[in-house]
Amino acid sequence: MRRPFVAGNWKMNTTLAGGQQLAAAIAAEVGSSTTVDVAVCPPFPYLTAVKQSLGSSSVGLGAQNAYFAKSGAFTGEVAVGMLKEIGCNWVVLGHSERRQFFGDTDELINKKINAVLAEELGVIFCVGELLAERQSNQTEAVLDKQLTGGLAGIDAAHMAKIVIAYEPVWAIGTGVTASPAQAESAHLFIRQWLAKRYNQGVADGVRIQYGGSVKADNAQELLSQPNVDGALVGGASLTAEQFLPIIRAAVQVAGSK
Ligand code: PGA
């Protein structure tokens with residue numbers, strides 16, 4: 001039984017005060033719940049303050065990126081050790097916006113994943129195809145390439161610290177969600193890939209989140225799919241009104257799957 005994991009990717013949004021309020025509202029909802037995992041991923045400058053707002057709740061704290069070097073002359077970058085020091089539990093890597101706008105290649109993502117694992121934090125590793133790739137039946141080939149590159153050299157033992165987020169690029173921020181069947185089919189492909197690359201135990205244990213226009217009104221159906229183990233939520237994670245119902249849907253699913 002995989003525990004559902006709902007994470008809010010705030011991207012480059014919120015203010016300090018707004019982020020703190022949002023975090024406090026999520027913490028109040030989640031409390032010390034252990035039936036679902038919930039995390040928020042605020043912009044770097046707000047991480048410490050948001051951590052405080054999360055208080056003693058079980059809500060995890062994630063960063064949206066990190067660099068692989070431990071320290072040094074890398075202007076503008078943030079080391080994983082720094083994120084660990086301020087209480088981060090997770091780092092999102094391989095997000096399509098990083099791949100698209102900031103040149104994160106499979107090879108760079110692999111180095112970053114290794115750096116996060118070396119500090120024993122969790123990784124939310126994003127993969128997903130472009131619309132043109134889906135339309136030309138390349139979805140599975142793209143997922144295979146991204147998984148192969150991103151997880152190169154990473155052994156089975158470390159997979160316990162990795163969550164995979166399947167995020168079809170055409171569904172991110174567009175309001176167009178993958179249908180539950182489309183999501184399930186991609187998630188099943190990823191799980192079978194994990195079984196082949198590692199073993200059935202790893203495949204059964206790794207959580208695979210769906211991301212791409214997850215909203216309160218579609219969360220339940222997506223999360224109910226057998227191989228969908230949670231959600232990585234962008235736009236709808238920015239207000240408590242929209243995000244809390246998604247958490248509630250995960251709680252409900254956790255009790256019924
Ligand atoms: P969205 O973003 O929910 O706004 O589509 C998801 C993501 O990019 O993680």
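Predicted model: local features only at pLDDT ≥ 70, side-chain atom pairs only at ≥ 80, totals over all residues.
1. The side chain of H95 places an N or O atom 2.6 Å from an oxygen atom of the ligand. For E167, a polar side-chain atom is 2.6 Å from an oxygen atom of the ligand. In G234 the backbone takes part: one of its polar backbone atoms lies 2.8 Å from a ligand oxygen atom. How much of the ligand's surface does the protein bury? On its own the ligand exposes 280 Å², and the protein buries 97% of this area.

2. Residue K11. Where in the chain is K11 found? K11 belongs to the loop that runs between strand β1 (5–9) and helix α1.

3. Residue N137. A positive phi also occurs at N137, where the value is near 60° and the residue is again other than glycine. N137 sits in the loop between α6 (131–135) and α7.

4. Helices α7 and α8. Helix α7 covers residues 139–150 and helix α8 covers residues 180–197; their axes come within 11 Å and cross at roughly 45°. Are the two helices parallel or oblique to each other? An angle counts as roughly parallel only under 35 degrees, and α7 and α8 are therefore oblique to each other. The crossing in which α7 passes α8 is right-handed.

5. Helices α1 and α11. Helix α1 (residues 16–30) packs with helix α11 (residues 240–256) at an angle of about 25°, and their axes are 10 Å apart. Because of this angle, α1 is roughly parallel to α11. In passing α11, helix α1 makes a right-handed crossing.

6. Helices α10 and α11. Helix α11 also has α10 (residues 216–223) as a partner: the two axes come within 8 Å and cross at roughly 20°. So α10 is roughly parallel to α11. What is the handedness of the crossing of α10 and α11? The crossing is right-handed.

Note on methods. Residues numbered from 1 in each chain as written. Heavy atoms only, no water. Polar contact = N/O pair within 3.5 Å; in protein donor to acceptor, adjacent residues only side chain to side chain. Areas by Shrake-Rupley, 256 points an atom, 1.4 Å probe, with all protein chains shown as cover. Axes fitted to C-alpha atoms, helices over the stretch in contact; angles between N-to-C directions. Helix = DSSP H or I, 4+ residues; strand = E, 2+ residues; numbered from the N terminus. Parallel < 35°, antiparallel > 145°, perpendicular 65-115°, else oblique. Left-handed = near helix turned anticlockwise from the far one by under 90°.
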